[in-house]
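Please look at the sequence and the model first.

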Amino acid sequence: MKQFDTEEILDEILLSMIDGIGPILNQRLLQRFGSATEILAATKDKLLQTEGIGNKLASQIEQARHLFDPRELVDQCRKENIQILIPDDSRYPTNLKEIDNPPTVLYVKGSLEPIDSLAISIVGTRNCSYYGKKVTKMLASGLSIAGFTIVSGMAIGIDGAAHEAALEANGRTIAVLGSGLLNIFPQEHKSLSEKIIANGALISEFPPTFPALSGNFPRRNRIVSGLSLGVIVAESPKRSGSLITARMAMEQNREVFAVPGPVDHENSRGCHQLIRDGATLVESVDDVFDVLGPLTKPVQLPDQNLKIRNPTELLLNERELLILNHIQTTPTPIDQIIEETNLLPHQVLGTISLLEFRKVVKRCEANTVRRI
């Protein structure tokens, strides 16, 4: 793991502190110059040759070492128990590394765990109805109990309801902020933010004291979707930031789900449009599990000697998990499973049939079975 007193890391932090360098422009600069250090060492003339760089921003980059001190920011983060993560840090969220423009610097307060790669985002309108809030809490609670981490943007309305339901179910939840972690927005969720820190994490790509500017939220939304296997839009009018999150999820090859609502309610129209465009209609958590496929990388369950390869496995009971734990990804003899589990043959065979129905195992030749 890299230390934050190295010039390379400090330069990455310094570059992220320059207002006007968003994720797309950052990627262009890195592709042209190779590293943050080379970008900061470039002359103004060379910087101007990059698409999107004007005179003002080129001057800021050229003078950045005189304008900002990243060591002060690092010291501030240490005092406030804020972690600073870069993509090659082992703690950096695996799902987020997969998107086209991941944050080059991520600020985290709380804890990120390997199990958080089993995450679902739930987003929606700030002006939610009783119906929208009720459905959000039902879905967030059910997914939390199953073992998913709930991700949202900690806004008033649907976002807040999703976080609260996850916490009430003793689950993990992650809030992605459109401001710095020392500038909680909205202020009404200050108490909620403290509960999230104790049972998950607050994260942001903005420096700790950065304000909540309107342009921050589309950037925030790509992180919400990027952290997750899929995004549920619980309630949304036709014009809503949650629809931006859904669009970004599609671009990131994430699953998109939408909750139908009353046909005469404005807050249903965004969800209904998503369903017409191909999003999966969601009435219960079972609809989510039916769509999610095998994970790109297995996830180790906490306190269990079992790696999850498919989110459906989170719904298995104790006997199903026991038997699954003795089935390899290569063909495993059923007689061997019976011997290792000390269960009766009919119990093992019946359970394997259920696992096959749930599409987590597949029968093979010669009385063998393998995990999918």
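The model is predicted.

## Helix pairs

Two packed helices are described by the angle between their axes and the distance between the axes.

| Helix pair | Angle between axes | Distance between axes |
|---|---|---|
| H1 (residues 7–16) and H7 (residues 70–79) | roughly 90 degrees | within 9 Å |
| H10 (residues 158–168) and H11 (residues 190–198) | about 45 degrees | 11 Å |
| H12 (residues 216–226) and H13 (residues 241–251) | about 50 degrees | 8 Å |

**H1 and H7.** Their axes cross at roughly 90 degrees. H1 and H7 are therefore roughly perpendicular to each other, as angles of 65 to 115 degrees count as such. From H1, the contact takes in Glu-7, Leu-10, Ile-13 and Leu-14. From H7 come Pro-70, Arg-71, Leu-73 and Val-74. Sorted by class, the contact of H1 with H7 holds six nonpolar and two charged residues, with no polar ones.

Leu-14 belongs to helix H1 and is one of the residues that meet H7. Is Leu-14 buried or exposed? Its relative accessibility is 2%, so Leu-14 counts as buried. Beyond its neighbours within four places in sequence, Leu-14 is in contact with Leu-40, Ala-64, Arg-65, Phe-68 and Pro-70. Pro-70 is also one of the H7 residues that meet H1. Leu-40 lies 26 residues from Leu-14 along the chain, and their C-alpha atoms are separated by 8.8 Å.

**H10 and H11.** These helices pack at an angle of about 45 degrees. H10 and H11 are therefore oblique to each other. Their crossing is left-handed. H10 supplies Gly-160, His-163, Glu-164 and Leu-167 to the contact, and H11 supplies Leu-192, Lys-195 and Ile-196. The residues of this contact of H10 with H11 fall into three nonpolar, two polar and two charged.

**H12 and H13.** The axes of H12 and H13 are 8 Å apart, at an angle of about 50 degrees. That angle makes H12 oblique to H13. The crossing of H12 past H13 is right-handed. On the H12 side, the contact is made by Pro-218, Asn-221, Arg-222, Val-224 and Ser-225. On the H13 side, Gly-241, Ile-244, Thr-245, Met-248 and Ala-249 take part. Five of the residues in the contact of H12 with H13 are nonpolar, four are polar and one is charged.

Which residues does Asn-221 contact, leaving aside neighbours within four places in sequence? They are Gly-241, Ile-244, Thr-245 and Met-248. Each of these four is named on the H13 side of the contact. Asn-221 itself sits in helix H12. Asn-221 has a relative accessible area of 5%, so it is buried. Its side chain also makes a polar contact with the side chain of Arg-220, at 2.8 Å.

## Helix H14 and its cover

Helix H14 spans residues 269–276, and its buried residues are Gly-270, Cys-271, His-272 and Leu-274. What covers these buried residues? The cover includes strand S7 (230–235), H13 and strand S8 (255–258). H13 is also the partner of H12 in the pair described above. After H14 comes Gly-278, with a positive phi near 115 degrees.

## Two further residues

**Thr-332.** This residue lies in strand S12, which covers residues 332–333. Thr-332 has a relative accessible area of 2%, so it is buried. Its side chain reaches two backbone atoms. One is the backbone nitrogen of Gln-328, at 3.0 Å. Another is the backbone oxygen of Thr-330, at 3.1 Å. Not counting residues up to four places away in sequence, Thr-332 touches His-326, Ile-327, Ile-337, Asn-367, Thr-368 and Val-369.

**Met-138.** Met-138 lies in helix H9, residues 130–146. With a relative accessible area of 42%, Met-138 is partly exposed, because that class runs between the 20% and 50% limits. Met-138 touches Glu-283 and Ser-284, again not counting residues up to four places away in sequence. How far apart in space are Met-138 and Arg-65, C-alpha to C-alpha? They are 50 Å apart in space, and 73 residues apart in sequence. Arg-65 is among the contacts of Leu-14.

Methods. Residues are numbered from 1 along each chain as its sequence is written. This is a predicted model: local features need pLDDT of at least 70, side-chain atom pairs count only at pLDDT 80 or more; totals for chains, interfaces and linings use all residues. Side-chain values use heavy atoms; hydrogens and water are left out. Helices (H or I, at least four residues) and strands (E, at least two) are DSSP runs, numbered from the N terminus. Buried means under 20% relative accessible area, exposed over 50%, partly exposed in between (1.4 Å probe, protein chains only). A polar contact is a pair of N or O atoms within 3.5 Å; within protein, one must be able to donate a hydrogen and the other to accept it, and residues adjacent in sequence count only if both atoms are side-chain atoms. Contact means heavy atoms within 4.5 Å. Axes are lines fitted to C-alpha atoms, for helices over the stretch in contact, and angles run from 0 to 180 degrees between N-to-C directions. Angles under 35 degrees count as roughly parallel, over 145 as roughly antiparallel, 65 to 115 as roughly perpendicular and the rest as oblique. A crossing is left-handed if the near helix is turned anticlockwise from the far one by less than a right angle, and right-handed if clockwise. Ala, Val, Leu, Ile, Met, Phe, Trp, Tyr, Cys and Pro count as nonpolar, Asp, Glu, Lys and Arg as charged, and the others, Gly among them, as polar.
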